[in-house]
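Student: Could you walk me through this one? I'd like to start with how the parts sit together.

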Amino acid sequence: MSVEFDPKELRTRLEHRWGDRSPKTIANAAAGALYGTPGDWDLPADVTPQKPLLYLAVGIPDAASLPKNAFGDAASAVLGENDDRALRYGFGQGPTEIREWLSTRRNAESSYPVDVDRFQLTNGSSGAIDLIVRSLIEPGDVIVSESPVYMGTLHNFRGVQAEIDYVSVDGDGLVTDELETILEARRREGRPVKIIYTISAFQNPTGVTMSLERRHKLLDLADRFDALILDDEAYRDLWFDEPPPESLASIAGGHGVVTVGTFSKTIATGIRVGWIEAAPSLIALFSRMRFAMGQNQLGLRMLQHFLVNDGFDPHVEAVREIYRTKRDVLLDAMAKNGVDEFLDWRRPLGGFYVWAELKEPLELEALHRMALFEGIAVNSGQGFMPAGESRHIRIAYPWTPTAHIEDAIERLAIACRRVAGGKRV
Ligand SMILES: Cc1ncc(COP(=O)(O)O)c(C=O)c1O
């Protein structure tokens, strides 16, 4: 006997089942815990800026530096070519030509041969980190991260339900004495640390670069405690006066260090191309864990065209100059406006950020809110502090037009004075 199908009745039933249902009823533990929580970098929603907002709260390249023309030419070239690779699926480790380019570059600064089979291209360095932790981490595995830290990566760690321990950062980078204490404690507990995460050059948010001596100590500890180092070199190319010390991977001869890199900070965040550099056996493992039917081939082929036609070096030299100038304008304006009465900071030698500590008794939330009210958006340090209280703000200078930076800092100085004088918004 056939039952008559009533689409309206079915739709009503489905609506009843799904309409008001919280996604938490089907989310896994990692996603369920995040659902409905605020973003790490949200600005206070209940504060209305009194002037058009000057935005120093985002780590993306200078808008005028984006190589739009070069990428326009690259698009015409790859689409005009006699093959259809730019519009086909692409599997495996990513275009050989890009990996060759990376290999040549890396060979020039490394003390061991960095062949093309040491690279896997990914959707940005966050895609790289995601792939690495999905391939290596079981729920409950222990990862040590620097703190303060770029929270996006912690999102990746939380997404695979890692347990995370934190180590501070000082002027020389990750504090290895603290790390050793954690490594020992975790070993005693029978839950050895699996991965140590560091942003070794021009760290986000502190701007600090790990000294050579610390690099040696870190590698020694990682070896003694059998942990893998995950080095996020998102900002390594963006030095102002001199390149950072030898990379962790190079010191290690390519053993026990997985490095991730990205074109997001040097070229553009929208192209979404990053990479993993690791031992070929690990790269083979990561490649097999990729189920996304490859990457965006059009973007990759355009980038390839840009790289093999020598677009990168002049571009990166030009953007270094832009960011060096912006840093100088920013720090000069901070001095000129007397911001040092309220904040302490370290002069960044590369990268995108000034990490400024509030002097007592200035209070972070009050300053963050007052700054927004005065028309300058900066990041609250709390958004980079997974455990414990922050007393910092992060001032990101790369994207803001140079002409706006002085005004922005004047506003910050006003906000500091108002908060110090007891005003609140
Ligand atoms: C340290 C660090 N790693 C990774 C990323 C992610 O960059 P992308 O995925 O665009 O390469 C960022 C972005 O801000 C970052 O600061």
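Tutor: The centres of domain 1 and domain 2, taken over C-alpha atoms, are separated by 26 Å, and the domain bounds come from an automatic or database domain assignment. This is a predicted model, in which local features need pLDDT of at least 70 and side-chain atom pairs count only at pLDDT 80 or more, while totals for chains, interfaces and linings use all residues. Residues are numbered from 1 along each chain as its sequence is written.

Student: How many residues does the contact take from each domain?

Tutor: The contact takes 27 residues from domain 1 and 27 residues from domain 2, where two residues are in contact if their C-beta atoms, placed from the backbone, lie within 7 Å.

Student: And which element gives the most to the side of domain 1 that touches domain 2?

Tutor: That is α12, with six residues; helices (H or I, at least four residues) and strands (E, at least two) are DSSP runs, numbered from the N terminus.

Student: Switching to α7, which of its residues are buried?

Tutor: T176, L179 and L183 are buried in α7, whereas D177, A185 and R188 are exposed on the face turned away from that buried side. A residue is buried if 20 or more other C-beta atoms lie within 10 Å of its own, exposed if 12 or fewer, and partly exposed in between, with C-beta atoms placed from the backbone.

Student: What covers the buried residues of α7?

Tutor: The cover includes β3 (142-147), β4 (163-170), β5 (173-174), β6 (193-198) and α8 (212-224).

Student: What happens just after α7?

Tutor: There G190 takes a positive phi of about 80°.
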